[in-house]
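Q: Could we go through this model together? I would like to begin with a loop and then move on to the helices and a sheet.

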Amino acid sequence: MSLPSVILKKGRDIPLKCGHPWVFSGGVAKDADSECRGLKAGSLVQVLDADGAYLGMGTWHRGNSIRVRIISRDVLEKLDENFFVGKFRKLLKEKMALLPPDTTGFRLVHSDADGFPGVVIDIFGSIAVYQISAAGFEPYADVMVSALQKVMPLKTVIEKNDDPTVKTGDAIDRAVFFENGLKMVSLCMSGQKTGFFLDQRDARAYLRSISDGRKVLDLFSNAGGFTLSAAAGGAESAVAVDVSEKALEVVYEMLKMNRLSGLEKNVQTVCKDVFEYLEKVQPGDFDIIVCDPPAFAKSRDTVTQALKAYVRLNRKCFEKLDRGGILITSSCSGAVNMDDFQTVVRLAAGQSGRDVRILKTLTQPVDHTLKMSFPEGLYLKTFVVQVL
């Protein structure tokens with residue numbers, strides 16, 4: 001495959017050689033930049049160091065601060081089905097070995113960290129749902145689907161971009177899968193993202209381990225994975241709050257699937273704005289509050305406002321907890337780093353007059369690959385704190 005060359009400045013190849021998947025605009029030599037001037041976004045290019053040695057191939061994104069997003073370090077003839085089959089098979093083997101027992105819902109492909117810029121592929125049992133959010137892999141969508149079917153015994157593959165499209169199999173909205181032995185439901189066609197937030201698996205498992213006899217509030221619950229986990233862990237009661245009535249319907253479905261229907265009287269769903277709901281909550285009504293909002297910061301430009309919103313939200317949560325109460329709070333905003341979010345929690349606790357201790361710190365689970373060489377890939381941050 002003869003590809004246009006992107007040549008790096010002297011000394012700017014070290015991060016790439018250490019595994020970082022991005023080439024920033026400041027590291028590109030000007031003469032190489034002109035060679036790629038007419039390329040469309042997402043076009044394949046090869047990256048060379050200042051001496052002309054091959055470093056890898058990736059997708060070209062002129063005008064972006066991230067100029068090249070790396071796909072492979074190997075010299076490839078073409079991106080054909082064999083390439084995708086090999087990559088998917090390797091990822092499947094690696095990730096299946098890391099998953100907890102009785103778990104069939106996981107992320108097979110996690111974007112740049114797994115060598116697929118802008119691509120995520122989530123597996124829910126025999127259903128695969130994928131999204132492509134960056135230029136580059138759209139022309140290979142059908143090849144990817146074919147490769148997935150060769151690697152896994154899939155009944156259905158769904159493309160979840162602007163409009164859900166069934167690429168193969170039946171149009172299935174409710175995909176049932178296992179997470180730590182619990183049956184859960186992904187709204188593959190109608191839900192947010194790929195239908196279920198698999199990245200909170202570790203936090204749900206922890207909540208389950210501490211829920212016995214406690215009253216749990218699940219804010220921004222979506223389909224109620226935390227609520228189900230609390231019920232399975234023996235919670236005295238659990239309340240799921242979300243603005244999506246359709247998502248909340250799944251909560252009771254999952255209780256029945258897991259033979260927990262006897263606990264329905266202890267589980268309540270509330271279709272309401274979280275801030276509005278919190279106004280009526282009294283201190284001590286709940287022993288554990290789970291706060292997992294959508295991303296408040298979509299970009300670096302919105303971080304300042306997002307941090308203020310996170311402080312306000314977490315302050316309100318702390319105000320509803322008495323001594324001994326536990327807050328499980330998360331941020332999935334990639335633009336907000338771990339230190340920023342810890343400061344948010346500290347400020348929120350201080351403003352509410354609470355002193356707290358950190359019980360646990362969590363990030364994204366192992367199938368949502370987090371590379372040491374790629375700290376920018378850390379997006380999910382969760383603190384479990386207890387009021388003293």
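**Loops, helices and a sheet**

A: Lysine 193 lies in the loop that connects strand S12 (182–187) and H5. Please keep in mind that this is a predicted model.

Q: What is phi of lysine 193?

A: Phi of lysine 193 is near 50 degrees, which is a positive value in a residue other than glycine.

Q: Is lysine 193 buried or exposed?

A: Lysine 193 counts as exposed, because its relative accessibility is 54% and the cut-off for exposed is over 50%.

Q: Which other residue has a positive phi, and where is it found?

A: Arginine 259 has a phi near 55 degrees, again in a residue other than glycine. Arginine 259 belongs to the loop between H7 and strand S15 (267–271).

Q: And is arginine 259 buried or exposed?

A: Arginine 259 has a relative accessibility of 80%, so it counts as exposed.

Q: Turning to H5, where is arginine 201 found, and why does it count as buried?

A: Arginine 201 is part of helix H5 (residues 201–210). Arginine 201 counts as buried because its relative accessibility is 1%, and buried means under 20%.

Q: What does arginine 201 touch?

A: Leaving aside residues up to four places away in sequence, arginine 201 touches Leu99, Pro100, Thr103, Gly105, Phe106, Glu179, Asn180, Pro365 and Asp367.

Q: Next, H6 and H7. How do they pack?

A: Helix H6 (residues 225–232) packs with helix H7 (residues 245–257) at an angle of about 35 degrees, and their axes are 9 Å apart. The crossing of H6 past H7 is right-handed.

Q: Which residues meet there?

A: From H6, Gly225, Thr227, Leu228 and Ala231 meet Val251, Met254 and Leu255 of H7. By class, this contact between H6 and H7 has 5 nonpolar and 2 polar residues, with no charged residues.

Q: Now the sheet, please. What is the order of its 5 strands?

A: The order is S6-S7-S8-S9-S10, in an open sheet with mixed pairing. Strand S6 (105–110) and strand S10 (164–168) are the edge strands, each pairing on one side only. On average, neighbouring strands of this sheet are turned by 20 degrees against each other, direction ignored.

Q: In what sense do S8 and S9 pair, and over how many bridges?

A: Strand S8 (residues 127–132) pairs with strand S9 (residues 156–160) in the parallel sense, over 4 bridges.

Q: Which residue in S9 is the bridge partner of tyrosine 130?

A: The bridge partner of tyrosine 130 in S9 is glutamate 159.

How values were computed
Residues are numbered from 1 along each chain as its sequence is written. This is a predicted model: local features need pLDDT of at least 70, side-chain atom pairs count only at pLDDT 80 or more; totals for chains, interfaces and linings use all residues. Side-chain values use heavy atoms; hydrogens and water are left out. Two strands pair if DSSP finds at least two bridges between them. Helices (H or I, at least four residues) and strands (E, at least two) are DSSP runs, numbered from the N terminus. Axes are lines fitted to C-alpha atoms, for helices over the stretch in contact, and angles run from 0 to 180 degrees between N-to-C directions. A crossing is left-handed if the near helix is turned anticlockwise from the far one by less than a right angle, and right-handed if clockwise. Contact means heavy atoms within 4.5 Å. Ala, Val, Leu, Ile, Met, Phe, Trp, Tyr, Cys and Pro count as nonpolar, Asp, Glu, Lys and Arg as charged, and the others, Gly among them, as polar. Buried means under 20% relative accessible area, exposed over 50%, partly exposed in between (1.4 Å probe, protein chains only).
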